[in-house]
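Trainee: I have a structure to read and would like to learn how to go through it one feature at a time. Could we look at it together?

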Amino acid sequence: MTHEISRRTALSLGASSLAASAFAPAPSFAQRIAPPSSAPVSITYYNYNLASAGIGSEATKELIAEFTAPQPNIKVEGVPVSSGQILARVQADLVAGRTPDVAQLVFSDLDFVVRNLGVKPMTDIVPPEEWAAHTGGMVPAGLNLGALDGKVYGLAYVFSTPVLFYNATLFKQAGLDPDMPPATWAAVKEAALKLRAATAKNGVYPGVYSEFDWLLQGLFLSNGGRALSEDRRRVTFGESGAVGAIEMLRDLVKSGAHAKLAESESGDAFMSGNLGMILTTSVYQRAFLNAAKDKFELRAAKMPSFGDKPARPTNSGSALFILSKDPVKQRAAWELVKYMTSKRGYTVITSKIGYLPLRLDIVDDPQYLGAWTRENPMVRPNLEQLTRLNQWVAFPGSNYRQIARIQIAAVNEAVFGDGDIAKIMREAQERAQALMPRA
Amino acid sequence: MTDAVRLPAPFARATAEAAAPVYRVPAWVAPALFLLPAFATLGLWIYWPLIEALRLSFYEWNLLPTAAPVYVGLDNYRNLLALAELRTAAWNTVVYTLGLLPLTVALPLLIALMTREAVGRAGAVYRAIIFVPMIIAPVVVAVVWRWLLNPDHGIVNKLLGGLGVPSLRFLQDPDTAIWTIIFITGWKLVGFSTLLFAAAMTNIDQSLVEAARIDGASESQIARRIVVPLVAPTGIFLTVLTVLHGAQWSFVYINVLTQGGPRHATTNLYYLLWEYGFGTFAIGWSTAAGMLLFAAFAVFAAIGLWAMRRTDRHAH
């Protein structure tokens with residue numbers, strides 16, 4: 001057994017010294033990806049949109065096919081894994097020695113991915129001029145989403161911002177002006193209560209209770225709070241800004257403005273016309289539009305703010321990471337990443353799946369999204385939020401998932417229970433802090 | 001191992017000369033050799049992983065070859081025991097166990113007693129109907145019940161509505177959710193338990209029943225005084241099985257239907273520990289959780305085995 005440990009330690013020591021050399025300044029040419037070539041190469045692409053039924057999968061397959069058609073020397077094997085499972089799958093395959101070449105990984109896993117999977121900064125492996133040429137037209141706030149300690153490790157790929165969808169038909173029935181959607185949480189509460197009194201339907205569902213805490217972090221930020229301190233050393237969801245945001249949610253519940261629904265039911269309730277407002281990812285837009293057709297009028301507004309404080313929307317979603325260590329495969333991987341995040345790539349992703357384009361210059365360009373944007377003005381609030389996007393922060397260390405779980409368990413208890421909110425959140429913060437990396 | 005190497009010599013000699021062997025193999029060698037494969041497999045598949053799990057429970061590691069295991073002492077245990085939901089989960093585990101007993105012991109016993117006299121084709125049909133839930137895949141069961149119990153358009157609420165009962169939020173209301181999960185878990189197990197009781201009843205010596213009948217005992221007297229005491233060991237067995245596995249059986253339904261919610265109302269020890277341990281292959285958390293459950297349930301198992309032996313003695 002001791003032999004086993006020492007072997008593992010030796011192995012990991014080797015790995016960490018390897019990682020250390022990757023962080024060494026002035027990377028030599030050898031560490032960069034190979035120049036373009038026409039030699040046959042085959043790469044794997046782990047993608048969670050592929051694992052969804054219907055449109056997400058079809059659009060992704062379409063993009064892969066478009067990418068490989070003009071360059072038959074590159075073979076791309078799409079590996080579909082759901083977003084909740086994809087990191088575990090990548091980990092398992094790494095352990096088994098089948099390194100994925102390109103993987104779409106959720107932003108909340110960023111810290112873990114960088115520190116544990118041996119991912120190198122993209123800016124280190126991609127030649128600077130190629131990097132500049134490709135990322136030139138991208139929204140800087142978007143490009144920053146896949147960055148840690150100032151270095152871009154993953155290229156932001158599919159992501160969305162929080163959108164307040166509302167049922168304009170119910171608004172009219174309740175005597176509310178559908179042209180004036182509530183802009184603050186106080187207004188949301190008022191509208192929800194009126195709507196409920198007049199129509200006997202559910203008021204509002206703020207979709208912040210998911211294990212992926214991006215929307216919750218946006219809510220905290222909007223009230224001057226944070227889930228994690230800026231130096232990434234302290235858990236801060238028990239401090240006043242976050243607690244204030246949770247107090248608002250508790251008030252929504254106690255007043256009856258908050259729909260009594262489980263997270264999993266909220267989308268269905270909204271689509272069946274039984275819910276007035278829902279704050280959720282813009283990705284649902286297509287599903288909501290389909291459900292609303294001929295039944296009710298669907299509209300969208302920006303994320304509500306706390307009083308005069310400007311709302312600070314965060315992003316959901318994922319970035320593309322190049323995990324391959326082989327320079328030839330890295331080249332093919334980079335070409336694939338470039339295509340998926342190209343003007344054409346985002347045209348398909350935005351119009352077919354419903355995520356945001358990281359390139360704003362295609363929005364009104366008739367060659368790309370122009371026609372689609374005119375037909376779908378609902379994407380505007382989402383686009384407007386893109387320029388002032390805040391990074392969805394990943395908890396650090398190997399216990400980051402447990403920290404996120406403690407956070408969401410405490411939020412549930414604080415919002416739907418009767419206990420002292422500040423106390424619940426402070427105790428949870430202390431327990432979470434104990435799980436942070438020691439150094 | 002040296003014994004094994006030396007063995008062929010005396011054996012070969014014994015067959016060749018049919019005389020008294022020169023080397024005497026100690027008497028324990030042969031039985032030991034017969035037992036060796038069984039012990040080796042047991043060691044390899046049960047005890048070695050157990051020891052390895054114990055060792056890993058003191059490390060922080062995500063199974064990745066690219067990251068080193070870090071020795072953290074008792075931290076994994078401390079973190080688990082500090083979880084805010086642990087107390088709720090422990091209490092829920094008790095509720096699950098006790099709540100399941102009527103469905104895994106009492107009700108099946110009743111059904112077995114009532115269908116005892118149903119023989120031939122009718123009996124077979126009866127037993128088949130009761131046994132069918134057992135062979136449906138758990139996830140399918142969960143999804144079907146979710147449809148049936150939906151507050152808006154589920155058939156159960158439609159029927160209740162017909163009786164004037166307001167729509168019940170079976171899985172969403174913290175007060176009813178755990179009982180709903182218990183019911184679904186139990187519903188699937190009734191058939192299994194009934195089958196075991198029915199099998200135990202066919203093993204009862206019919207002459208005892210006939211003798212009682214000749215003495216003028218009524219059917220209910222026969223059931224109470226003869227049948228039930230004679231199937232008591234099966235009852236104890238099912239009770240022990242439920243205590244040891246009951247909370248585990250509900251895992252699938254919790255995972256598919258409520259994810260432990262609303263507000264931890266349906267979480268139990270297994271689900272909670274799985275939630276914290278398995279998301280990122282946090283092997284330290286998971287093995288520490290496994291060790292804690294192992295320790296807790298070893299106590300229950302010991303009590304259960306003792307009870308089973310006692311009733312067995314009484315029954316014979």
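**A strand and its surroundings**

Mentor: We can begin with strand E8(A), where 5 of the 5 residues are buried, so the strand is largely enclosed by the rest of the structure. A residue counts as buried if 20 or more other C-beta atoms, placed from the backbone, lie within 10 Å of its own, as exposed if 12 or fewer do, and as partly exposed in between. Helices (H or I, at least four residues) and strands (E, at least two) are DSSP runs, numbered from the N terminus. This is a predicted model, in which local features need pLDDT of at least 70 and side-chain atom pairs count only at pLDDT 80 or more, while totals for chains, interfaces and linings use all residues. Residues are numbered from 1 along each chain as its sequence is written, and chains are lettered from A and ligands numbered from 1 in the order in which they are written.

Trainee: In what order do the strands of the open sheet stand in chain A?

Mentor: Two strands pair if DSSP finds at least two bridges between them. Here 4 strands follow the order E8-E9-E7-E10 in an open sheet of chain A, with mixed pairing. Strand E8 (202-206) and strand E10 (298-301) of chain A are at the edges, each with a single partner strand, so one side of each has no neighbour in the sheet. From one strand to the next, the twist averages 20°.

Trainee: How many bridges pair E8(A) with E9(A), and in which sense?

Mentor: E8(A) pairs with E9(A) over 4 bridges in the parallel sense, and A:Asn202 has A:Leu275 in E9(A) as its bridge partner. By contrast, strand E7 (residues 162-167) and strand E9 (residues 275-281) of chain A run antiparallel and are joined by 5 bridges, with A:Leu164 opposite A:Leu279 in E9(A).

Trainee: How is the packing of two helices described?

Mentor: Two packed helices are described by the angle between their axes and the distance between the axes. The axes are lines fitted to C-alpha atoms, for helices over the stretch in contact, and angles run from 0 to 180 degrees between N-to-C directions. Helix H11 (residues 240-255) of chain A packs with H18(A) at an angle of about 45°, their axes being 8 Å apart. That makes H11(A) oblique to H18(A), because angles under 35 degrees count as roughly parallel, over 145 as roughly antiparallel, 65 to 115 as roughly perpendicular and the rest as oblique.

Trainee: Which residues make the contact between H11(A) and H18(A)?

Mentor: Two residues are in contact if their C-beta atoms, placed from the backbone, lie within 7 Å. H11(A) contributes A:Ile246, A:Leu249, A:Arg250 and A:Val253, and H18(A) contributes A:Val411, A:Ala414, A:Val415 and A:Phe416.

Trainee: Where do the domains of chain A lie?

Mentor: Domain bounds come from an automatic or database domain assignment. Chain A is divided into domain 1 (39-159 + 316-386) and domain 2 (162-314 + 396-433), whose centres, taken over C-alpha atoms, are separated by 28 Å. Between them, 13 residues of domain 1 of chain A touch 17 residues of domain 2 of chain A.

Trainee: How many residues does each chain give to the contact between chain A and chain B?

Mentor: Chain A gives 29 residues and chain B gives 24 residues. On the side of chain A that touches chain B, H18(A) gives the most, with 7 residues.
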